[in-house]
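Subject: Handing over the structure

Hello,

Here is the structure I promised to pass on to you. Please open it first, and then read my notes below alongside it.

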Amino acid sequence: MTRERDVLKTLLIKEELEVLENLKKKLLSEEQFTEEVSKVLANALKRAQKKDSKLDIVLAKPIQDGVTKTFSENKQSIIDSLLPIMGQLIRKTVTNSIKQFVADINRTLELGFSAKALKWRWQSYKTGIPFAEIVFEKTIRYQVNEIFIIDNETGLLVQHVGKEETLKDKNAMSAMLTAIKDFVGDSLQSTDSGLMSADFGDSQILIATGPKVYLAMIVKGSPSERLKELNQKLIEEIHSNFSDSLLDTNNFQSIDGIEDFLRPYLVTKNITEEKKSINWVPWIIGLLLIISGLSYLAYKRHTEFNQAQNIVNSTPGLYLQELKKSGDGFVAKGLLDPDADVSQLKENNIQLETKPFISLDEEIIDLRINNILKPYSKVNYNLDHKTLSLTGYLPNDSYKSIFDRLNKVTGINSIRNTTKPDFSMEVEEFLLNYNNLEGVSYNIEPDKLTLNGSTKLATHNKLITDLKQQFPEVTIEDSQLDISDSTEKIISQIEKDSVVISDESESHSSELLSVIEQIKTLINRFPNSQITIIGESDCQGLNSDRFSQQRADSIKALLIENMIEESHLRTSITPCENFNNDVDDSKKIVRFKTYIEQ
Amino acid sequence: MKIAKKVCLIGRFAVGKTSLVRQYIENQFSEKYKTTVGVSISTKVIDIDDHSISMILWDIAGFEQEGHYKHYLRGTQGIIWVLDGTEPESFDIFEKVSIPDLDSIPAICLVNKCDLKDQWRLNEDSLQKIRQYVSTIHYSSAKTGENVEDSFNELAKKLLGQ
Ligand SMILES: Nc1nc2c(ncn2[C@@H]2O[C@H](COP(=O)(O)OP(=O)(O)O)[C@@H](O)[C@H]2O)c(=O)[nH]1
Ligand SMILES: [Mg+2]
């Protein structure tokens, strides 16, 4: 490769030297210079073609035409028109040696330009702007004659500064520019993030668009790329410095400070005096290679740039004003909503230099709502035409604060709320700390509590009272909760068939003892209860009814003995209707009947 | 105080929008762009009391195509509806063109070509309909100049909130 490079270099310089000597004399104007360069280019390429036969097919005509045509225009157009073919050329021929070439050329240029070039080189080193770009910048001539700041929406003039007051009707000019800009519209803006330019008589109009106003700069000559970048910065600064004043159209054309702010940008840039002393040899080689180099870099950057731009543009809440290469990544400048998700940008090595703003992108509004509602799994929401609909449940204790926050979200016009408060957390906490839940299990829903298991009546009553007092809004479902000592249960135990077998013995069955306990509980619960003790017999013999009465009396005595007050007790018998001769002990029983008065 | 206001003329093809502006203003700005872009801009400065108001008149062509004129109506601060009194079809413009916040924008309606008395087709019914959209209605003629200057000046006053 080094050899190939050296050969190409020798070819370029040695063969063209004589030709260039003549050229130097002939060069009287830029046009002529351009003419000549086109011939040199053709020659150089012809020689390169001997090494690679494809080269001339790809290059010969387009290069001649392209360079000649765009030479006197700005750098961007040269790159643009050469880009499609240059990409191929470079890959095929000089890819590997291009960097070395540029280094050589830079050295040559330095020698050729002497002091001035050294100064530029220093500037390039200090600012990080490529040396080649500085060369272009310093040798391009233009004049900024007028600057308009115009309201995007109404097309009304916000401020105008001009070199001389040449323009008759600035108001009409602003409106017309806006109309043209709107007409040209999306096609231009999408390619260049709000930067565009158009010819205007013998001048050019450069346009840089911001969120509220845009800038139109009327420039005579060939404005540099740097000037366009500057314009983008300028429009950003106008937005941040004068944002309040820009809101009311009545302020327009009388905003304090804006004129002084703009005036310094009316400038005239001349080609440097070094022109005469330029040594053309390195210039020609230099230009050739700068073009190649820039084209190649631009080609490479173009793809990366597009990719980065796509990522940035697909990030909701980010309003891009400028995207720039920085190191091996990019820097995106513009406005960023604090809620925007920029993780994708970080992954793709795109740094942010943004000012905060509030975006009204649906996606961002959604994100804001989501941030607030994320912790609450039982709520569903839907955002439609800036109306937020909420269904489901939200925790009772943060209910109000959630709505306070939602009401502050920018971009929601109204909230349709059909949610209900969710008490489950509070109910659960309450039950966990409740000291008597004996036998009770439960199931908690947002606004309903279901109790199961089996417990005592007293425990049940207390629990229900406490719950109702604490959570009046919660439905309590306790039909599945078994009350082990309910009144019905006690009564049925007492009245159970043939409770006591009466055998007149002194020891009493455990069954009887349990009945006594039940009767006590019942009387305790209903102090006016009456218990009738009914004696029965097997009706064997004529004294049967008397025996029945004796059985009832003896049990009554037993109950009184067991601390049951007499006033609660009565006795009776089930009289015999027929008498028989069969002894049947199982019919000698006492039954209990209860009467409760609540 | 010096202020500028954007005013759009809205009306069907050939009702006389351009003629009205030409009648009102002698110096027309940049007819050249009109054919490509479909808008012609004129300005008129009017002094009312201590105020000087610049009316930026947007004479837009092509109200037959929504995609075309919509951009241009953005942010308008005053409206001149133009109808052709001899052409009933031109009375429908209100239904065809929708403008957000219409009620808050000062507006007048000119029923133009009032010099053509024998072809006049505006009846009470139509007038009634027009009144639903705009309260100030004048009959004008771009040909004779009748009611042109007065009407434009009246809108200027409305724009100043007078
Ligand atoms: N008789 C008469 N003709 C008019 C009047 N205004 C406009 N015209 C004519 O109507 C036609 C259309 O006018 P023009 O201003 O181009 O309408 P535009 O499409 O609304 O701009 C032209 O031939 C004008 O000469 C008017 O007040 N009276
Ligand atoms: Mg017209």
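One definition before the notes: angles under 35 degrees count as roughly parallel, over 145 as roughly antiparallel, 65 to 115 as roughly perpendicular and the rest as oblique. Such angles run from 0 to 180 degrees between N-to-C directions, and the axes are lines fitted to C-alpha atoms, for helices over the stretch in contact. Helices (H or I, at least four residues) and strands (E, at least two) are DSSP runs, numbered from the N terminus.

This is a predicted model, in which local features need pLDDT of at least 70 and side-chain atom pairs count only at pLDDT 80 or more, while totals for chains, interfaces and linings use all residues. Residues are numbered from 1 along each chain as its sequence is written, chains are lettered from A and ligands numbered from 1 in the order in which they are written, and side-chain values use heavy atoms, with hydrogens and water left out.

**Chain A as a whole**

Chain A contains 19 helices and 21 strands. Of its 598 residues, 45% are buried (buried means under 20% relative accessible area, exposed over 50%, partly exposed in between, with a 1.4 Å probe and protein chains only). Among contacts in chain A with a separation of 6 or more, 63% join residues 24 or more positions apart; contact here means heavy atoms within 4.5 Å.

Start with helix H17 (residues 487-495) and helix H18 (residues 510-525) of chain A, whose axes come within 9 Å and cross at roughly 140°. H17(A) and H18(A) are therefore oblique to each other. Their crossing is left-handed (the near helix is turned anticlockwise from the far one by less than a right angle; clockwise would be right-handed). On the H17(A) side the contact is made by Thr487(A), Ile490(A), Ile491(A), Gln493(A) and Ile494(A), and on the H18(A) side by Val515(A), Gln518(A), Ile519(A), Thr521(A), Leu522(A) and Arg525(A). These residues divide into six nonpolar, four polar and one charged. For those classes, Ala, Val, Leu, Ile, Met, Phe, Trp, Tyr, Cys and Pro count as nonpolar, Asp, Glu, Lys and Arg as charged, and the others, Gly among them, as polar.

H18(A) also pairs with helix H19 (residues 544-561) of chain A: the axes come within 11 Å and cross at roughly 60°. H18(A) and H19(A) are therefore oblique as well, and their crossing is right-handed. Leu512(A), Ile516(A) and Ile519(A) of H18(A) meet Ile555(A), Leu558(A) and Leu559(A) of H19(A). That contact has six nonpolar residues, no polar and no charged.

Next come helix H13 (residues 362-373) and helix H14 (residues 399-408) of chain A, with axes that come within 10 Å and cross at roughly 165°. H13(A) and H14(A) are therefore roughly antiparallel, and the crossing is right-handed. Ile369(A), Ile372(A) and Leu373(A) of H13(A) make the contact with Ile402(A), Arg405(A) and Leu406(A) of H14(A).

**Nonpolar cores**

A nonpolar core is a set of buried Ala, Val, Leu, Ile, Met, Phe, Trp, Tyr and Cys residues joined through side-chain atoms within 4.5 Å. The largest has 59 residues, and those with the most contacts inside it are Ile238(A), Ile10(B), Trp58(B) and Trp81(B). A second, separate core of 24 residues includes Ile3(B), Ile48(B), Leu57(B) and Leu155(B).

**A few single residues**

Ser124(A) lies in helix H5 of chain A and is buried, at 11% relative accessible area. Gly128(A), in the loop between helix H5 (98-127) and helix H6 (131-139) of chain A, is exposed at 59%. The C-alpha atoms of Gly128(A) and Ser326(A) are 10.0 Å apart, although 198 residues separate them along the chain.

In chain B, two residues are worth a look for their phi angles. Most residues other than glycine have a negative phi. Ala14(B), however, has a positive phi near 70°; Ala14(B) sits in the loop between strand E1 (2-10) and helix H1 (17-24) of chain B and is partly exposed at 46%. Lys113(B) has a positive phi of about 70° too, and its place is the loop between strand E5 (107-112) and helix H5 (124-131) of chain B.

Best wishes
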